Amino acid sequence: MILPTKNITPDRALLTLAGRIFDGLGVPRTISGIWDEFRLQQQSSPIAYSWFILAIDLLYLMQLVQLGDDGLLRRKRAVR
């Protein structure tokens, strides 16, 4: 599910979808705004909203994004 398997193609693996979402997070955005744009990009190969949320969950588990008090999802700053 996270990685491609014989039943999940590379373009539908959660890691691939999470990477696409992360690339589109140049500025803080709402989940619905990200979903609207992502859905347009995926018109040729639509995915379910639940699959999109799992990809965001993966980004959160990898500590790459955070949800602010303002309700916006943003990239997490690297800690040195």
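Colleague: Which residues of helix 2 (residues 31-41) are buried?

Modeller: In this predicted model, the buried residues of helix 2 are Ile34, Trp35 and Phe38. They span an arc of only 100° around the axis, and therefore lie on the same side of helix 2.

Colleague: What covers the buried residues of helix 2?

Modeller: The cover includes helix 1, helix 3 and strand 2 (73-75).

Colleague: Which residues of helix 1 and helix 3 meet?

Modeller: From helix 1, Leu14, Leu15, Leu17, Ala18, Ile21 and Phe22 take part; from helix 3, their partners are Trp51, Phe52, Leu54, Ala55, Ile56, Leu58 and Leu59. By class, this contact has 13 nonpolar residues, with no polar and no charged ones.

Colleague: Let us turn to a single residue. Why does Tyr49 count as partly exposed?

Modeller: Partly exposed lies between buried, under 20% relative accessible area, and exposed, over 50%. Tyr49 has a relative accessibility of 41%, and therefore counts as partly exposed. Tyr49 belongs to helix 3 (residues 49-61).

Colleague: Which residues does Tyr49 contact, leaving aside neighbours within four places in sequence?

Modeller: With those neighbours set aside, Tyr49 is in contact with Ile31 and Trp35. Trp35 is also one of the buried residues of helix 2.

Note on methods. Residues are numbered from 1 along each chain as its sequence is written. This is a predicted model: local features need pLDDT of at least 70, side-chain atom pairs count only at pLDDT 80 or more; totals for chains, interfaces and linings use all residues. Side-chain values use heavy atoms; hydrogens and water are left out. Helices (H or I, at least four residues) and strands (E, at least two) are DSSP runs, numbered from the N terminus. Buried means under 20% relative accessible area, exposed over 50%, partly exposed in between (1.4 Å probe, protein chains only). Contact means heavy atoms within 4.5 Å. Ala, Val, Leu, Ile, Met, Phe, Trp, Tyr, Cys and Pro count as nonpolar, Asp, Glu, Lys and Arg as charged, and the others, Gly among them, as polar. The arc is that of the directions from the helix axis to the C-beta atoms.
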